[in-house]
Amino acid sequence: MTEIPLEQRVLARNDAVADANRELFRQAGAYAVNLISSPGAGKTTLLEATLGRLAGRARVAVVEGDVQTENDADRVAATGVPVEAIVTGGACHLDAAMVRRAFRRLDERLDGPLDLLIIENVGNLVCPSSYDLGEDEKVALVSVTEGEDKPLKYPSTFHTADLVVISKIDLAEAVGFDRAAARAAITAVAPRAAVVEVSARTGEGIADLLGRLLPVAAASGRG
Amino acid sequence: MGIALEVARLVEEEARRAGAVRVGRAGLRVGRWSGVEVESLRFALEVVAEGTLLEGWTVDVEIVEPTFRCRECGETYVGEGYLDPCPRCAARGAELVAGDELTLARIEVEDR
């Protein structure tokens, strides 16, 4: 038997497509965000609550990933924002090639440059974190109903997050949410991540979320 | 499964490039913070090997624990999170230097 040393990053091919995506997004002027959470944490609901507020402030488009159905894409479309659905049919995460194809389809329908591209990933706190999609930042969403130690259980997602959004904050008292414990867990695996608490239902924190996202997008030279 | 397929694709590509007829073994390094579940991956790697040069191969998986380097004194240490104090100087300010990788380290092949 001959031993062949390789030291090859397994996801190098995905990452090469992701880098090409970065260039595509840059050409469209878009600041791209990869939104990751467990199923039911409130990604789509947050988009429904937020996208309406961006009208006139920023040009937004959404790439929406799900294993089955285009239900979430339909909900986002109802806000008036251009959206392209990716139905993976089985894959529990989006990869760069899927996003590339979707963005190209979306780009054909856009009538001008974009400020912000939101990629709503498949609901999953494990696999999506491994796949660079070409985004400028990763946003991890975690709801108050999931337990304060979620970031410790899923370090791969949280340690790569630039922004952590705590959702359903209107339910905090009802579930006995321990804010200090949640913040400590986030700091343990993502000390440099910004943290924003929101409620899509009441609107609490949405202005703060946009205040964090839009200036960062603008400062990047895009958006 | 997607990762197993990609590992198999990379291994087969390298094996063919080396003129091999069979792959006996492969070594992977998987970080604890990589987002990859090792037992599922092991099973998937057996499945994807069937009917290929890889069939019957053994995959050695080295799990890499989250490893930090202290920004104050440079000490590297295995830990559970960024809040762990440095074992040498007790500072709490570290960077992750290993533990999120997913690397195909090596393969062992037969050329005849």
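Student: Quick one to start: is B:Glu110 buried, partly exposed or exposed?
Tutor: B:Glu110 is partly exposed, with a relative accessible area of 25%. Keep in mind that this is a predicted model.

Student: Which side chain does B:Glu110 meet in a salt bridge?
Tutor: That would be B:Arg22, with an N to O distance of 3.3 Å. The two link distant parts of the chain, 88 residues apart: B:Glu110 is in strand S6 (residues 102-110) of chain B and B:Arg22 is in strand S1 (residues 22-31) of chain B. B:Arg22 is partly exposed too, at a relative accessible area of 30%.

Student: What about B:Arg32, which residue is its salt-bridge partner?
Tutor: B:Arg32 pairs with B:Glu65, and their closest N and O atoms are 2.6 Å apart. This pair also links distant parts of the chain, 33 residues apart. B:Arg32 sits in the loop between S1 and helix H2 (38-49) of chain B, while B:Glu65 sits in the loop between strand S2 (58-64) and strand S3 (67-70) of chain B. B:Arg32 has a relative accessible area of 46% and is partly exposed, and B:Glu65 counts as partly exposed at 31%.

Student: Over to chain A. Where are A:Arg26 and A:Glu23, and how are they separated?
Tutor: Both belong to helix H1 (residues 12-27) of chain A, and because they are three residues apart there, about one helical turn separates them. A:Arg26 is partly exposed at 47% relative accessible area, and A:Glu23 is partly exposed at 33%.

Student: Why can side chains like these pair at all?
Tutor: Side chains of opposite charge can pair when their charged atoms come close.

Student: How many salt bridges are there over all chains?
Tutor: A search of the whole structure finds 29. There is also a salt-bridge network that links A:Arg13 with B:Glu6, B:Arg9, B:Glu13, B:Glu14 and B:Arg17.

Student: Changing topic: which residues touch the most other members in the largest nonpolar core?
Tutor: Those are A:Leu117, B:Leu28, B:Leu45, B:Trp57, B:Leu104 and B:Ile107, out of 53 residues in that core. Helix H1 (residues 2-17) of chain B gives the most to this core, with seven residues.

Student: And what does B:Leu104 touch?
Tutor: Leaving out residues up to four places away in sequence, B:Leu104 has contacts including A:Leu6, A:Val10, B:Leu10, B:Val11 and B:Leu28.

Notes: Residues numbered from 1 in each chain as written. Chains lettered and ligands numbered in written order. Predicted model: local features only at pLDDT ≥ 70, side-chain atom pairs only at ≥ 80, totals over all residues. Heavy atoms only, no water. Salt bridge = Lys/Arg side-chain N within 4 Å of Asp/Glu carboxyl O. Helix = DSSP H or I, 4+ residues; strand = E, 2+ residues; numbered from the N terminus. Buried < 20%, exposed > 50% of the residue type's maximum accessible area, 1.4 Å probe, protein only. Core = buried A, V, L, I, M, F, W, Y, C linked by side-chain atoms within 4.5 Å. Contact = heavy atoms within 4.5 Å.
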